[in-house]
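Dear colleague,

I am passing on the structure below, and my notes on it follow. Please read them with the model open beside you.

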Amino acid sequence: MSFCCGGSMIGTKGTLKHFRTQVHNVPLLVCPVCERVEVHYKVESEYEILAEYAHGDGTPEIDFQDYVMEDEATMFENCVNMEEDDPMTMVQSQIDMGLDLLAVAKKINDEKWERDLKRRLAVMSLRRSRLQHK
């Protein structure tokens with residue numbers, strides 16, 4: 001599981017641009033708070049190699065899945081949420097986990113982690129309110 005802004009990131013697949021080459025269907029981890037995007041750590045080196053070769057060949061687009069056969073279920077098994085999950089369920093799950101982590105942060109007196117989690121909870125609560133009003 002990857003963490004950012006005090007809590008877990010969300011698993012998804014997306015397109016990344018490497019110089020002039022677009023690499024589609026790359027396994028990614030996205031922070032629901034700051035929206036930071038990382039290539040999934042299990043395929044990070046494969047992504048770098050494939051993107052470099054494709055760029056070197058002058059290929060404008062390439063599909064990651066055509067070259068790297070990583071089982072999606074195994075890849076994202078440690079992710080708490082996936083992007084295709086129901087948005088309200090995902091936000092509520094992130095809030096619940098944030099509250100659990102906040103209790104741990106308070107118990108171990110980690111003030112920086114507490115601040116990060118409170119900020120995260122504020123963002124996720126705002127998202128939940130917006131989803132409820134739609």
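A nonpolar core is taken here as a set of buried Ala, Val, Leu, Ile, Met, Phe, Trp, Tyr and Cys residues joined through side-chain atoms within 4.5 Å, where buried means under 20% relative accessible area with a 1.4 Å probe and protein chains only. This is a predicted model, in which local features need pLDDT of at least 70 and side-chain atom pairs count only at pLDDT 80 or more, whereas totals for chains, interfaces and linings use all residues. Residues are numbered from 1 along each chain as its sequence is written, and side-chain values use heavy atoms, with hydrogens and water left out.

The largest nonpolar core has 31 residues, and those with the most contacts inside it are V23, V26, C31, V39, V43, Y47 and F64. Its largest share, six residues, comes from α3; helices (H or I, at least four residues) and strands (E, at least two) are DSSP runs, numbered from the N terminus. Leaving aside residues up to four places away in sequence, F64 touches several residues, among them V23, V26, V43 and Y47, a contact being heavy atoms within 4.5 Å.

Strands count as paired if DSSP finds at least two bridges between them. β4 (21-30) pairs with β3 in the antiparallel sense over eight bridges, and I10 has V30 in β4 as its bridge partner. With β6 (residues 61-63), β4 pairs in the parallel sense over three bridges, and Q22 stands opposite E61 there. β5 (residues 37-39) runs antiparallel to β4 and is joined to it by three bridges, with L28 and V39 as bridge partners.

Best regards

Notes: Buried < 20%, exposed > 50% of the residue type's maximum accessible area, 1.4 Å probe, protein only.
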